[in-house]
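Here is a friendly walk through a protein chain, from its overall build down to a handful of single residues. Have the viewer open as you read.

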Amino acid sequence: MPLSASGISPNQRRSWLFLAGADREALIQGTKSGADVLIQELETFTPPELRPRAWELTREILPLWRSAGSLTSVRINPLDAGGWEDLDAVMSARPDIIMMSFVATPRQVAELDQAVHHFEILYDIDPGSTELVPNIESALGVINTCAIAQASSRIRAMLVGTEDMVADIGAERTRAGGELNYIRQRFLLECAAMGITPIDCPYSYSDNDGAQRDMHQSRSMGYRAKAIVNEQFVGLVNHTLTPSAQEIAQARQIIATFETARKAANGKRIAAAVVNGFLTEVPDYLAAQRLLKLIAHSHEESKK
C-alpha cells in the first residue's frame, strides 16, 4: 500500500484524534497527545461563525503537527455545505489528508477529488498526493461503502461515524454501543473487500471502563485504526492496537511448538499442541501467524 507524503503507512495509523478547529490551545496540545493522525475538525466541533478563525489557525497548526511526527488532516464540511470554502482556506497549508463529513455517494467523492486537485494545482502541491478519507455517517453511506471506496484512487482509508449514524438509523443510544455492532461489522467487511483501512467509530462517552471495553471489541472485530474524540483515550488506542512484546513472543512460541508437533505426527493431522502447559489449537496457531505477518508487513512499510 502506498505511503503518504509523511512516509507513514496506512497500516501504522492507529489513533485518529479529532480536535476543535477554532480552539488554538487544544490544537497545540494535540502535538503532545501521541496520536498518529491529528485532525482539525471544521464540522461538528466548529460552529459556522468560528470557521474563519479555524481557517487562520490551519496554517499555524499543521506545521507544528508535522514537526511532532503526526499525520496532518482537516475534516471539512460537505462541498455543498461550505466544504469548498474550507478547502480554499486550508489547502495552502498542505494537509496530508482531507476528510469530508456525511459522505453517502460515490459522486460526492468524485467531486471532492476534483476540488482537491484544483487546489493542488493552485498551490503547487504534487497532484494526487493529498489523501481522501470519506466519513461514513448514514445508512446510505454504509450501503455504498464499496462504491465510495472505488470513487477515487486517493482513498486508502475510510471512517465510520457514531452519533450521526445512530440518529440516522433511529436507534436507541447506549453506552454499550450494541446498536452499532452490525454497522461496524459490515463497514469493516466492505473496506476489507476493497483493500482499504477501516477506521472504527469513536467511543463518545468519557468513562475509561467503557472505552476499554469498546476498544477491545474494536480490536477483536478486526479494526486496526480508531477515531477518537476524547484525547484521554489516545494512549488506550495505541496500546491496544500495538502488539506487546509478550504477545509477539507467545505467538512465536505457539507457531514453533505447533509446527514441531506437526512434523512429529508424520503426516497425520494435528488439531492441537501444548505450549507452556496450555492447550493450543488450530485457531490459536492461525491467529499467531496473522499477528506476525501483520508486524512484518508494518516493518516493511516503515522501511520504504
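## Ground rules

Helices (H or I, at least four residues) and strands (E, at least two) are DSSP runs, numbered from the N terminus. This is a predicted model, in which local features need pLDDT of at least 70 and side-chain atom pairs count only at pLDDT 80 or more, while totals for chains, interfaces and linings use all residues. Residues are numbered from 1 along each chain as its sequence is written, and side-chain values use heavy atoms, with hydrogens and water left out.

## Overall build

The chain holds 12 helices and 10 strands. Its radius of gyration is 21 Å, close to the 19 Å that the globule rule gives for 304 residues, so the chain is as compact as a globular protein of that length. That radius is taken over C-alpha atoms, and the rule is 2.2 Å times the number of residues to the power 0.38. Along the principal axes, the C-alpha atoms fill a box of roughly 70 × 45 × 35 Å.

A contact here means heavy atoms within 4.5 Å. Among contacts between residues at least 6 apart in sequence, 69% join residues at least 24 apart.

## Surface and charge

The accessible surface of the chain comes to about 14400 Å², and 53% of it belongs to carbon and sulfur atoms. These areas come from the Shrake-Rupley method with a 1.4 Å probe; for residues, only the protein chains shown count as cover. Of the 304 residues, 47% count as buried, meaning under 20% relative accessible area, with exposed over 50% and partly exposed in between (1.4 Å probe, protein chains only).

The chain carries 30 positive and 37 negative charges, whose mean positions are 10 Å apart. Lys and Arg count as positive and Asp and Glu as negative, leaving out His and the chain ends; each charge is placed at NZ of Lys, CZ of Arg, CG of Asp or CD of Glu.

## The nonpolar core

In soluble globular proteins, nonpolar side chains tend to be buried together. In this model, the largest nonpolar core has 55 residues, and those with the most contacts inside it are L87, I98, L112, I136 and M158. Such a core is a set of buried Ala, Val, Leu, Ile, Met, Phe, Trp, Tyr and Cys residues joined through side-chain atoms within 4.5 Å.

Which residues does L112 touch, not counting those up to four places away in sequence? They are I76, L79, L87, I98, M100 and L132.

## Residues to look at

T58 sits in helix 2 (residues 51-67) and is buried, with a relative accessible area of 1%. Leaving aside residues up to four places away in sequence, T58 touches Q40, P63, V74, V90 and A93. The C-alpha atoms of T58 and P95 are separated by 9.0 Å, although these residues lie 37 apart along the chain.

R94 lies between helix 3 (83-90) and strand 4 (97-100), while F102 is in the loop between strand 4 and helix 4 (106-122). Phi is near 55° in R94, a positive value in a residue other than glycine, and F102 also has phi near 55°. R94 is partly exposed at 40% relative accessibility, as is F102 at 33%.
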